[in-house]
Amino acid sequence: MSDLALSPRKPTTSLNGYRVVQSISVFVIALVIISPLFMLFIASLKDDRFQILADMGSFRAFWVDNPTLNNFREVGNFAGELAFGRYLGNSLLILFSTVSFGLIINSMAGFILAWGSLPGRALILSLIIALYVIPQESIIMPLLIIVSRAGLSDTFTAQILPFVASPLYTFLFYQFFAQLPKELYEAASIDGASIFRTWWSIFMPLSLPALATVSILMGIEAWNQYLWPILITQTDYARPISVAIATFFGQDSIFWDRAMAASVLMMIPILIFYLAFQRWFISSFVGSAVKG
């Protein structure tokens with residue numbers, strides 16, 4: 001009788017131990033991820049770049065005695081030497097233009113590959129997937145020559161147009177559209193809807209998880225571009241904030257205070273962008289995992 005009474009406690013004790021280990025692991029991982037971001041925010045509130053450098057590597061890096069917004073005031077201009085307001089605006093324009101046009105182009109291509117009557121669709125899809133494995137850096141010099149000869153150097157178009165169409169995002173849309181019921185496409189065809197009307201009015205409203213996933217991935221990619229903008233921009237006209245931050249790191253001195261404030265400004269829009277789409281982004285990943 002006593003053995004029967006004691007036996008259920010073993011799995012409960014084991015489960016509690018597992019939960020403790022799980023909680024500690026999650027806490028440690030969260031601490032590792034959040035600590036640099038917290039240190040960045042604290043450093044942006046310090047007005048002395050030498051003090052920021054001295055505090056690095058100690059717990060003083062996570063504390064500020066006299067917080068100030070002077071660094072943000074210095075870099076938040078729209079003209080002059082520290083026109084980071086303009087650079088931030090340039091980055092936002094590039095981000096929203098790239099994502100908006102990218103959603104239209106890639107979703108249309110994915111829809112045609114999934115449901116269109118294009119001959120050789122399987123071969124085209126295989127070629128698109130094969131293009132994805134080619135590193136962007138390997139084609140950047142030919143792309144630079146093409147853009148320069150087209151007279152698009154130092155323009156917003158040069159930073160948007162080459163990244164609108166993507167093999168990865170076309171394949172993601174194709175995969176999502178191909179999983180939708182065939183009856184939807186057949187019913188639209190019987191009602192006389194054109195293929196454009198079927199894509200826009202029926203399939204796109206059902207594609208919020210795919211749209212959110214592609215928006216976030218494409219947005220992060222466009223926001224973090226560095227090599228291409230530094231090659232294609234020569235003036236402040238279309239220079240994004242990711243390139244402008246590098247000006248703080250000179251050969252003789254590094255302006256840590258302004259660089260930290262500019263980094264915080266660069267981080268805020270993409271966080272807001274992610275939070276706006278995270279609901280559908282997470283549901284898309286969960287759905288993909290369940291479907292295997």
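Predicted model: local features only at pLDDT ≥ 70, side-chain atom pairs only at ≥ 80, totals over all residues.

User: At what angle do α5 and α12 cross?

Analyst: Helices (H or I, at least four residues) are DSSP runs, numbered from the N terminus. Axes are lines fitted to C-alpha atoms over the stretch in contact, and angles run from 0 to 180 degrees between N-to-C directions. Here, α5 (residues 84-115) and α12 (residues 208-223) have axes that come within 9 Å and cross at roughly 140 degrees. Angles under 35 degrees count as roughly parallel, over 145 as roughly antiparallel, 65 to 115 as roughly perpendicular and the rest as oblique. So α5 and α12 are oblique to each other.

User: Which residues of α5 and α12 make the contact?

Analyst: Contact means heavy atoms within 4.5 Å. On α5, the residues include L88, L92, L95 and V99; on α12, they include L211, V214, M218 and W223.

User: And the cores: how many residues does the largest nonpolar core have?

Analyst: A nonpolar core is a set of buried Ala, Val, Leu, Ile, Met, Phe, Trp, Tyr and Cys residues joined through side-chain atoms within 4.5 Å. Buried means under 20% relative accessible area, exposed over 50%, partly exposed in between (1.4 Å probe, protein chains only). The largest one has 44 residues, and F84, F177 and I241 have the most contacts inside it. Its largest share, ten residues, comes from α15. A second, separate core of seven residues includes I140, V147, A158 and F163.

User: What does F177 touch?

Analyst: Leaving aside neighbours within four places in sequence, F177 is in contact with residues including F111, W115, W199 and S207. S207 lies in the loop between α11 and α12, and is buried, with a relative accessible area of 0%.

User: What is phi of D154 near, and is D154 buried or exposed?

Analyst: Most residues other than glycine have a negative phi. D154 has a positive value, near 60 degrees, though it isn't glycine. D154 sits in the loop between α7 (140-149) and α8 (156-160), and counts as buried at 13% relative accessibility.

Terms used. Residues numbered from 1 in each chain as written. Heavy atoms only, no water. Helix = DSSP H or I, 4+ residues; strand = E, 2+ residues; numbered from the N terminus.
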